[in-house]
Amino acid sequence: MGTTTNDKGEFYIPLPSDKSAEYLIRASLMGYDAQELNFTLQANDTEFVSFALKNADAVIEEVVITRRREKFSELALLEERKKSNLMIESIGAQELSRKGVSDARAALVKMAGVSRQEGAKNVFVRGLGDRYNSSTLNGLPLPSEDPLFKNISLDFFSSDIIQSINVNKTFNAQIHGDVAGANIDIHTKEATGNSFEINVGGGVNSQTIGKDNFKRIDGTNYFGTLAGAKPGITSLENYNFKNNWNPNVQNNLFNTNFRLLGNKRFMVGNNPLSLFFVAGMDSKYRYADGKIQNATNIGEIYLDQDFVKK
């Protein structure tokens, strides 16, 4: 049998009155230790019982709250630069989005002391070009895709995968000894949840309108690869391939692009594992014409050529 007390702590429990008996009464309240009392009640009798409950001993386990700062906001990068004893310029995903930057090379020219020469694939830091700079991805050195250049072409890295870009302009133990200009470190995004995106776009380059001399290798598809099975070479006197040597002329030039992005976060034991995936394809048509001229130290032109770049 049980009951609850009123706001003054008083309670009343009716018991059988036809015989005497021994009872055990127990009082409990959340946050207090329960107390039990034994008493004997005679027939048709009333017993007054009082309790004085003590606070329960409670042990709360230690709670540790950790925070991870995402280095994509302008405020976080500015605070990091203030605390650094190095000369570092940084630009994050938040600023890239606000300025409408599409890739890493376009992002760098938004920084002080960094410039890009039209027609050159790399950037210049404090007037020093490809030979005097280095490129890293999350702190790891990047190889060049072109044997004529030391650094990789930065337009490979679209703003979709960039969390921040740091340009270190001073000598320190973290960069290679052959770097006299700057180290360009690209930090990729980290997966903070589970998502998947598909982006598709298109457009027309006005410089290609009226130009019908764009050519594509015969037999190739949109991705630039040959469709179908590749025949084996059985004779050096016969041409066994389905495509021919004559390229196809391209008209109605239309730029297309698509991109797939996905990220997923796993827990491996007590440690998080973030996976970020991106794949894309761009089909862009460009056209440029102009002159290439070289002169001697006294101003005499010894090279004067016209060029067309497609």
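Trainee: What share of the contacts with a separation of 6 or more comes from residues 24 or more positions apart?
Mentor: This is a predicted model: local features need pLDDT of at least 70, side-chain atom pairs count only at pLDDT 80 or more, and totals for chains, interfaces and linings use all residues. Residues are numbered from 1 along each chain as its sequence is written, and side-chain values use heavy atoms, without hydrogens and water. Contact means heavy atoms within 4.5 Å. For residues 24 or more positions apart, the share is 53%.

Trainee: How many strands does the chain have?
Mentor: Helices (H or I, at least four residues) and strands (E, at least two) are DSSP runs, numbered from the N terminus. The chain has three helices. Its strands number 16.

Trainee: Is Leu236 buried or exposed?
Mentor: Leu236 lies in the loop between strand E11 (214-216) and strand E12 (248-250). Together with Ile233, Tyr239, Phe241 and Trp245, Leu236 makes a nonpolar surface patch of about 690 Å². Because its relative accessible area is 84%, Leu236 counts as exposed.

Trainee: How many Å apart in space are Tyr23 and Phe39, C-alpha to C-alpha?
Mentor: Tyr23 sits in strand E1 (residues 21-27). Leaving aside neighbours within four places in sequence, Tyr23 touches Leu15, Pro16, Leu37, Asn38, Phe39 and Leu41. Tyr23 and Phe39 are 16 residues apart in sequence. In space, C-alpha to C-alpha, the distance is 5.5 Å.

Trainee: Which residue in E14 stands opposite Leu260?
Mentor: Strands pair if DSSP finds at least two bridges between them. E13 (residues 255-268) and E14 (residues 271-283) pair in the antiparallel sense over 13 bridges. They form a hairpin with two residues between them, and Gly269 in the turn has a positive phi of about 70°. Opposite Leu260 stands Ala279.

Trainee: What percentage of the chain's residues are buried?
Mentor: The chain has 310 residues. The buried ones make up 25%.

How values were computed:
Patches are made of residues with over 30% relative accessible area and no salt bridge: like charges are joined within 9 Å, nonpolar side chains (Val, Leu, Ile, Met, Phe, Trp, Tyr) within 5 Å. Accessible areas come from the Shrake-Rupley method with a 1.4 Å probe; for residues, only the protein chains shown count as cover. A salt bridge is a side-chain nitrogen of Lys or Arg within 4 Å of a carboxyl oxygen of Asp or Glu. Buried means under 20% relative accessible area, exposed over 50%, partly exposed in between (1.4 Å probe, protein chains only).
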